[in-house]
Amino acid sequence: METLSGLEPHRLPNYSAIFNNIFNTFGVWTEGKRLANSLIITTFYSTTVILLFIITPQFCHFIYMYKARDNVIAFADEFYVSIASLMIVCKDYCLIKHRLEIKELMKSMDSEIFRPKNTGQYRRIFKIIMDEYKKLFWMITFVNVSFCVCVVIGPFFDLIKDGAKLLPLVDCYPFKVNESPVYEIMYVYQILVCFYLMMHNFPFDLFILDLIGFCIAECDVLCENMSELKKEESAIEYDRKLINCIKHHEEISRFVRNVERIFSFPILQQYFCNLISSCTTMFKLSIAEPMSVDFFKTLSYQCCLLLQMFLYCWTASTLTEKVC
């Protein structure tokens, strides 16, 4: 995160830059930049990583789920992973479809009307509120990494306990995966898939929360500007400040409507998928051996789902209160 000392006077740091870098690294180019200034290389890179780490595993998930349709436990083992992968496809589609609008949103965040009027206002409002979202970033990162670590190390314990060569994700492949060196290669591949899906999934949610946090901070700035209106000022100066506040409110409302228009449907999809996944993980918790790796893996994933839904509800409720 950028500090105040490195900013131009009253200019906001670009809190969304980290999410742009993550999206670009994983093949979703929200800034419109091109890899090596080449459209062909950029398209090839994005297509390759999405095909290799999302589409192909998803296809294997569906095949395994079809073969395990009569085995409830085996089906549940794969179902919540498949739902999460499918949700990532929907999120990628949203980012790619609305990439120009998202770029304009982020550009407008640095417009003159959204900038704090003085350094004190920045420190009192933006730094406090946006730093809270920085803490959320690390908290959600910790929960998601904990889940991925449990997924990755689970087969090691199975190998030590039973001598069984299992993979982190239960998929169906057209070749034998329990023989060396295929087993080791597929193990590394599935580790990459797990962390790719993780780094592809939660930054999308944090990006939306970052935009909502920006709106909340702007509402506080507007309230402070309104409270500083003084009746004893000249009529011309008072009207000028009042008009600026009205314009500021209109821009905040327009920003909120654009965020809602772009992201409302993906958020609805996320809630629907989380509801189904929560039912699946609760079933898995009921049959998992207490204090086992599978138990902690399922529990950490359930925490991810609940935290994800809570943060959307909390921030949206706060924003609704501020705007209304």
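Trainee: What should I know before I start reading it?
Mentor: This is a predicted model, in which local features need pLDDT of at least 70 and side-chain atom pairs count only at pLDDT 80 or more, while totals for chains, interfaces and linings use all residues. Residues are numbered from 1 along each chain as its sequence is written, and side-chain values use heavy atoms, with hydrogens and water left out.

Trainee: How many helices and strands does the chain have?
Mentor: The chain has 8 helices and 0 strands, where helices (H or I, at least four residues) and strands (E, at least two) are DSSP runs numbered from the N terminus.

Trainee: And what share of the residues is buried?
Mentor: Of the 324 residues in the chain, 48% are buried, and buried means under 20% relative accessible area, with exposed over 50% and partly exposed in between (1.4 Å probe, protein chains only).

Trainee: Which way does α6 run relative to α8?
Mentor: Helix α6 (residues 182–227) packs against helix α8 (residues 293–323) at an angle of about 20 degrees, with the axes 9 Å apart, and that makes the two roughly parallel. Axes here are lines fitted to C-alpha atoms, for helices over the stretch in contact, and angles run from 0 to 180 degrees between N-to-C directions. Angles under 35 degrees count as roughly parallel, over 145 as roughly antiparallel, 65 to 115 as roughly perpendicular and the rest as oblique.

Trainee: What about α7 and α8?
Mentor: Their axes come within 10 Å and cross at roughly 155 degrees, so α7 and α8 are roughly antiparallel to each other.

Trainee: Back to α6: is Glu-218 buried or exposed?
Mentor: Glu-218, which lies in helix α6, has a relative accessible area of 1% and is therefore buried. Its C-alpha atom is separated by 9.9 Å from that of Glu-251, 33 residues apart along the chain.

Trainee: Changing topic, which residues form the nonpolar patch on the surface?
Mentor: Val-72, Ile-73, Phe-283 and Ile-287 form that patch, with about 340 Å² of accessible area together; such areas come from the Shrake-Rupley method with a 1.4 Å probe, and for residues only the protein chains shown count as cover. The elements giving two or more residues to the patch are α3 (72–97) and α7 (235–287).

Trainee: How does Ile-73 count at 44% relative accessibility?
Mentor: Ile-73, found in helix α3, counts as partly exposed because its relative accessibility is 44%.

Key
Patches are made of residues with over 30% relative accessible area and no salt bridge: like charges are joined within 9 Å, nonpolar side chains (Val, Leu, Ile, Met, Phe, Trp, Tyr) within 5 Å. A salt bridge is a side-chain nitrogen of Lys or Arg within 4 Å of a carboxyl oxygen of Asp or Glu.
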